[in-house]
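Let's walk through this protein together, from the overall picture down to a few individual side chains. Keep the model open beside you as you read.

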Amino acid sequence: MVWGAIAYHGRSQLLRIVGNLNSTRYINEVLQPQAIPFLQGLPGAVFQQDNAHPHVAKTVKSYLDSQQVQLLPWPAY
């Protein structure tokens with residue numbers, strides 16, 4: 001599995017994820033080292049992610065709130 005971010009003014013590095021991804025690994029291996037620094041370099045950025053279980057876990061939502069990350073609403077279908 002890979003993770004990456006694309007924005008109007010740039011892109012993040014592609015991150016290879018080996019094994020199963022849970023909410024703790026998502027925070028520690030994706031959000032903290034990659035996503036948050038990338039988003040902080042983009043004033044007014046809105047973060048979009050799907051409704052995969054690791055993305056919508058309470059710990060992840062709490063972490064993103066603490067980092068003042070604006071999320072794009074993505075209702076489940």
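Of the 77 residues of the protein, 35% count as buried; here buried means under 20% relative accessible area, exposed means over 50%, and partly exposed lies in between, with a 1.4 Å probe and protein chains only. Before going further, please keep in mind that this is a predicted model, in which local features need pLDDT of at least 70 and side-chain atom pairs count only at pLDDT 80 or more, while totals for chains, interfaces and linings use all residues. Residues are numbered from 1 along each chain as its sequence is written, and side-chain values use heavy atoms, with hydrogens and water left out.

Now for the overall fold. Three helices and six strands make up the secondary structure, and along the sequence they come in the order β-β-β-β-α-β-α-α-β. The radius of gyration is 12 Å, close to the 11 Å that the globule rule gives for 77 residues, so the protein is as compact as a globular protein of that length. That radius is taken over C-alpha atoms, and the rule is 2.2 Å times the number of residues to the power 0.38. Helices (H or I, at least four residues) and strands (E, at least two) are DSSP runs, numbered from the N terminus. The C-alpha trace spans about 30 × 25 × 25 Å along its principal axes.

You will find glutamine 49 in the loop between strand E5 (46-47) and helix H2 (53-56). Is its side chain's residue buried or exposed? Glutamine 49 is buried, with a relative accessible area of 12%. Leaving aside neighbours within four places in sequence, glutamine 49 is in contact with Tyr26, His55, Leu64, Leu71 and Trp74.

Trp74 leads us out to the surface. Tryptophan 74 sits in the segment after strand E6 (70-71) and counts as partly exposed, at 41% relative accessibility. Together with Val46 and Leu72, Trp74 forms a nonpolar surface patch with about 260 Å² of accessible area. Such patches are made of residues with over 30% relative accessible area and no salt bridge, with like charges joined within 9 Å and nonpolar side chains (Val, Leu, Ile, Met, Phe, Trp, Tyr) within 5 Å. Accessible areas come from the Shrake-Rupley method with a 1.4 Å probe, and for residues only the protein chains shown count as cover.

Last, look at the charged side chains. The structure holds one salt bridge, meaning a side-chain nitrogen of Lys or Arg within 4 Å of a carboxyl oxygen of Asp or Glu. Arginine 25 and glutamate 29 form this salt bridge at 2.9 Å, N to O. Both residues lie in helix H1 (residues 23-40), four residues apart, about one turn of the helix.

Note on methods
Contact means heavy atoms within 4.5 Å.
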